[in-house]
Amino acid sequence: MLDVIGIGIGPFNLSLAALIEPTPLRARFLEKCEGFCWHPGLALPNSRLQVSPLKDCVTLVDPTSPYSFLNYLARHGRLYSFVNKRNASTSRREFTDYYRWVARRLGTLRFAEEVVDVAPFSDGYRVNTTTTTYLARAVVIGVGVEPKIPECARALIGNTVYHAADYLERNPPYVGEHVLVVGGGQSGAEIVEHMFNRPLATRITWVTSRTNLFAMDDNSFVNEAYMPGYSRRFHALPLQQRRAIVEHEKLTSDGISAELCNRLYDMLYERSVEGTLVDSFRLLSSVVLKDITSHNKRWRVDLNGITTQRDHSIIVDRIVLATGFQPRTPPFLQTLLGGARMEDGLPVLGPDYAVRFDQHMPGPVFLQNQSRLQHGLQSVNLSLVAYRNSLIINSLLGQSFYLDTSDRQILDSYDNSDTSELGALDVMPSTQHMAAIT
Ligand SMILES: Cc1cc2nc3c(=O)[nH]c(=O)nc-3n(C[C@H](O)[C@H](O)[C@H](O)COP(=O)(O)OP(=O)(O)OC[C@H]3O[C@@H](n4cnc5c(N)ncnc54)[C@H](O)[C@@H]3O)c2cc1C
């Protein structure tokens with residue numbers, strides 16, 4: 001009988017495994033893939049980690065842990081050169097290598113074991129995998145996200161119609177191909193840049209339902225939304241307010257990195273100088289994909305202008321769907337969460353990420369990466385991964401093994417007693433904003 005089983009080993013449960021190691025908890029983590037991987041189909045040479053590498057598996061909760069990114073750098077003889085280089089960010093490729101290094105050092109991980117069923121019994125959960133059965137007092141679901149594919153493309157997925165998640169796993173476009181990229185977020189932008197940098201001439205049409213290509217807003221003030229105090233306050237707000245905040249703050253998480261936006265614009269400018277832009281690239285904004293049909297071994301794509309309400313068709317050879325990701329909900333999870341209290345189609349979670357059930361359950365079920373409406377946008381990215389897992393561990397142990405390392409936020413740092421009559425939670429702009437939305 002284990003204390004806890006983690007299902008899925010992506011960055012979220014990997015961090016949990018690293019932080020559990022020094023605790024008395026007996027744990028096992030199960031992953032269906034042969035080894036650790038992190039969105040491999042999008043590991044493009046220019047892809048950067050979009051947060052500080054100090055938001056690694058452990059540092060913000062336990063800076064002394066041996067599983068920190070800084071320790072990884074030191075062990076690989078790159079600590080001084082990392083500090084010496086002009087910017088303190090890292091590539092997704094290097095961060096994946098860091099994650100793999102952590103995974104190799106932990107004894108609790110099991111790869112090539114897919115979980116197919118989780119059944120409650122008197123003392124906990126029976127977790128069946130493709131090879132064996134485990135018993136555990138609690139489970140932490142970390143099965144991550146899966147590609148979101150528009151309805152009209154579902155039956156057509158293959159070598160020339162595919163989601164961005166499979167981009168590097170498909171053959172690259174041939175000379176002269178006309179490629180349609182659907183989606184104006186980070187993945188779409190990274191793919192367009194990658195295709196531009198290839199020596200072969202490809203025609204690209206890029207469509208987005210947004211009114212333009214918007215950069216991610218990650219200035220230090222708005223980034224306070226990715227701190228523990230903000231998340232705690234967000235969780236306590238009524239649903240209507242949380243919905244409005246998530247919508248309002250979307251671009252703090254879903255935009256294109258400003259650096260990449262500017263690089264793309266420079267590339268297009270150079271093509272316009274060469275005189276090759278018109279034949280090689282077209283960006284259509286405020287446009288939605290309506291239908292795809294086969295057309296003489298090519299694809300006819302029907303598009304609709306959101307503001308004009310006009311239809312337009314184009315013929316392309318290949319379609320890359322950079323249409324985002326959604327929470328993965330395998331059948332066993334749907335069954336397990338059958339009795340969960342729901343809110344906007346997602347299970348209600350407590351402050352410690354434990355699912356709230358209407359019926360008695362034999363032990364806690366924690367859920368990672370499915371609570372953007374419950375805990376805020378931080379819950380679907382790496383910003384608070386270590387903090388979230390420290391809450392789960394403290395909850396499993398019933399005591400504060402990890403102390404709350406969240407410091408006072410800069411914008412929250414003066415006495416607010418004389419402003420309490422405003423009715424806001426306090427004077428932090430983000431919470432004023434929360435109040436303004438109500
Ligand atoms: C391309 C991309 C880039 C991103 N870059 C950033 C970034 O720079 N910064 C940031 O903060 N956030 C980023 N994110 C958001 C977020 O951090 C990632 O999606 C992250 O991978 C989420 O981690 P996870 O562990 O929840 O899920 P995942 O990484 O999806 O891992 C889930 C794992 O569960 C396994 N699994 C699924 N079902 C089962 C089963 N039944 N049994 C066993 N194993 C199973 C899967 O094989 C997978 O390995 C990015 C997201 C994407 C898609």
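This briefing looks at the surroundings of a ligand and at the aromatic rings of the protein. The structure is a predicted model, in which local features need pLDDT of at least 70 and side-chain atom pairs count only at pLDDT 80 or more, while totals for chains, interfaces and linings use all residues. Residues are numbered from 1 along each chain as its sequence is written, and side-chain values use heavy atoms, with hydrogens and water left out.

**The ligand and its shell**

- The ligand is surrounded by 30 residues, of which the closest are E31, W38, Q50, N369 and L382; a residue is near the ligand if one of its heavy atoms lies within 4 Å of it.
- The residues of this shell divide into 16 nonpolar, eight polar and six charged, where Ala, Val, Leu, Ile, Met, Phe, Trp, Tyr, Cys and Pro count as nonpolar, Asp, Glu, Lys and Arg as charged, and the others, Gly among them, as polar.
- An oxygen atom of the ligand is 2.7 Å from a polar backbone atom of L382, and ligand oxygen is also found 3.1 Å from a polar backbone atom of F12 and 3.5 Å from one of G142.
- Of the 980 Å² of accessible area that the ligand has on its own, the protein covers 91%, with areas computed by the Shrake-Rupley method with a 1.4 Å probe.

**Aromatic pairs**

- The whole structure holds 14 aromatic pairs; rings of Phe, Tyr and Trp (its six-membered ring) pair if their centres lie within 6.5 Å, and planes under 30 degrees apart count as stacked, over 60 as edge-to-face and the rest as tilted.
- F69 and Y72 form a stacked pair, 5.7 Å centre to centre and with 25° between the planes.
- Because F69 and Y72 are three residues apart in helix α2 (residues 69–75), they are separated by about one helical turn.
- F69 counts as buried at 1% relative accessibility, and Y72 counts as buried at 0%, where buried means under 20% relative accessible area, exposed over 50% and partly exposed in between (1.4 Å probe, protein chains only).
- The rings of F401 and Y402 have centres 5.0 Å apart and planes at 75°, so this pair is edge-to-face; F401 is partly exposed at 32%, whereas Y402 is buried at 7%.
- One aromatic cluster is formed by F36, W38, F69, Y72, F82, F95, Y98, Y99 and W101.

**Charges over rings**

- The charged end of R126 sits over the ring of F121, 4.9 Å from its centre, which requires CZ of Arg (or NZ of Lys) to be within 6 Å of the ring centre and within 35 degrees of the ring normal.
- R388 lies over the face of F12, at 4.4 Å from the ring centre.

Definitions and conventions. A polar contact is a pair of N or O atoms within 3.5 Å; within protein, one must be able to donate a hydrogen and the other to accept it, and residues adjacent in sequence count only if both atoms are side-chain atoms. Helices (H or I, at least four residues) and strands (E, at least two) are DSSP runs, numbered from the N terminus.
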